[in-house]
Amino acid sequence: MDIISESIVNLLKTAKRLVVPSLGAFIRKDGEERVVFVEFLKKDDGVLADYLTGNYGLSSQEVEEAVAGFAADLRAKATREEGFVIGGLGAIRLNANGIYDLDYDPSADAKPSRPAPQPVAETPKPLVVEVPRPAVTQSVPVPEAAHFPAPPKPAVAPEELKARPKENPISRSYTPAKEPVLQYQKPVKGNPDHRKKRADLIMITAIAAAAVAIGAMIYGVLNEKNNELQMPEETEQVQVVATDQAE
């Protein structure tokens with residue numbers, strides 16, 4: 001049984017009327033051992049709120065939330081055939097005219113739809129016992145580590161790079177590229193190779209002419225010597241002939 005239903009049953013033992021705000025009132029009739037429910041009496045008289053605060057320690061906001069939840073649960077279950085059952089009081093149902101009626105039954109019992117709050121006892125933490133796991137004797141193959149080629153060494157050592165002064169690209173002087181100067185050259189007449197061959201031919205001709213001239217001079221000298229050698233013999237022959245003629 002929830003705290004609202006339990007409070008209603010306890011208060012109706014001494015009170016003749018109990019109002020549930022925004023829901024209705026439970027009224028005990030004089031001279032009759034029965035209780036009726038009147039939906040039209042909804043104005044809060046503070047009796048239920050004081051009881052909940054004094055016996056359950058609820059704040060005003062918690063009382064409003066508990067009563068609102070009880071009313072919503074009652075309206076939802078009253079449309080069913082079994083209705084909304086309050087233990088020791090009876091069942092509330094919605095009739096054909098759309099009015100909530102209480103079927104009074106002091107022996108009615110219902111399972112608690114909204115259990116009363118109970119002090120929460122600190123539950124001890126479970127004891128965790130670590131059980132040693134048996135050692136695994138089966139050898140597990142370990143994959144070989146991947147071999148990666150060593151990175152190429154830099155052409156310039158890092159120390160040398162640090163030692164070099166840093167150049168500021170802005171401070172560099174811009175030198176425009178020089179344009180090629182076109183120079184006029186006189187065209188060479190004739191083929192240079194042909195001119196060289198012609199000079200060689202002239203030189204060879206001169207050498208040949210000189211050789212011929214030298215040969216002619218040598219021939220003349222030799223011919224003159226030969227004539228000189230033949231002259232005494234002819235003279236002697238002439239003398240011999242002359243002598244023979246004289247005799």
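**Figure 1. Packing around helix α1.** The buried residues of α1 pack against β1 (17-20), β2 (24-28), α2 (47-56), α3 (60-78) and β4 (84-86). Those buried residues are I3, I4, S5, S7, I8, V9 and L11. Seven of the nine residues of the helix, which spans residues 3-11, are buried, so α1 is largely enclosed by the rest of the structure. Buried means under 20% relative accessible area, exposed means over 50%, and partly exposed lies in between, with a 1.4 Å probe and protein chains only. Helices (H or I, at least four residues) and strands (E, at least two) are DSSP runs numbered from the N terminus.

**Figure 2. The whole predicted model.** This is a predicted model, in which local features need pLDDT of at least 70 and side-chain atom pairs count only at pLDDT 80 or more, while totals for chains, interfaces and linings use all residues. Residues are numbered from 1 along each chain as its sequence is written, and side-chain values use heavy atoms, with hydrogens and water left out. The protein contains five helices and six strands, arranged from the N terminus as α-β-β-β-α-α-β-β-β-α-α. Of its 247 residues, 19% are buried. The accessible surface is about 21000 Å², and carbon and sulfur atoms account for 58% of that area; areas come from the Shrake-Rupley method with a 1.4 Å probe, and for residues only the protein chains shown count as cover. Among contacts between residues at least 6 apart in sequence, 42% join residues at least 24 apart, a contact being heavy atoms within 4.5 Å.

**Figure 3. The open sheet β1-β2-β3.** Three strands form an open sheet in the order β1-β2-β3, with antiparallel pairing. β1 and β3 (35-38) are the edge strands, each with a single partner, so one side of each is left without a neighbour in the sheet. From one strand to the next, the twist averages 20°. Axes are lines fitted to C-alpha atoms (for helices, over the stretch in contact), and angles run from 0 to 180 degrees between N-to-C directions. β2 and β3 are joined by four bridges, and R28 stands opposite V35 in β3. Two strands pair if DSSP finds at least two bridges between them.

**Figure 4. S22 in the loop between β1 and β2.** S22 is found in the loop that links β1 and β2. Its phi is positive, about 65°, although S22 is not a glycine. Most residues other than glycine have a negative phi. With 42% relative accessibility, S22 counts as partly exposed.

Figure 5. β4 and β5 (residues 90-94) run antiparallel and are joined by three bridges. V85 has A91 in β5 as its bridge partner. Three residues lie between the strands of this hairpin, where G88 takes a positive phi near 80°. β5 and β6 (residues 100-104) also pair in the antiparallel sense, over five bridges. Here G90 is bridged to Y104 in β6. This second hairpin has five residues between its strands, and G98 in the turn has a positive phi of about 80°.

**Figure 6. Confidence and residues 112-116.** The mean pLDDT of the protein is 76, and 58% of its residues reach 70 or more; pLDDT is the predictor's confidence in each residue, from 0 to 100. Over residues 112-116 pLDDT stays under 50. For this stretch the model has 14 contacts beyond four places in sequence.
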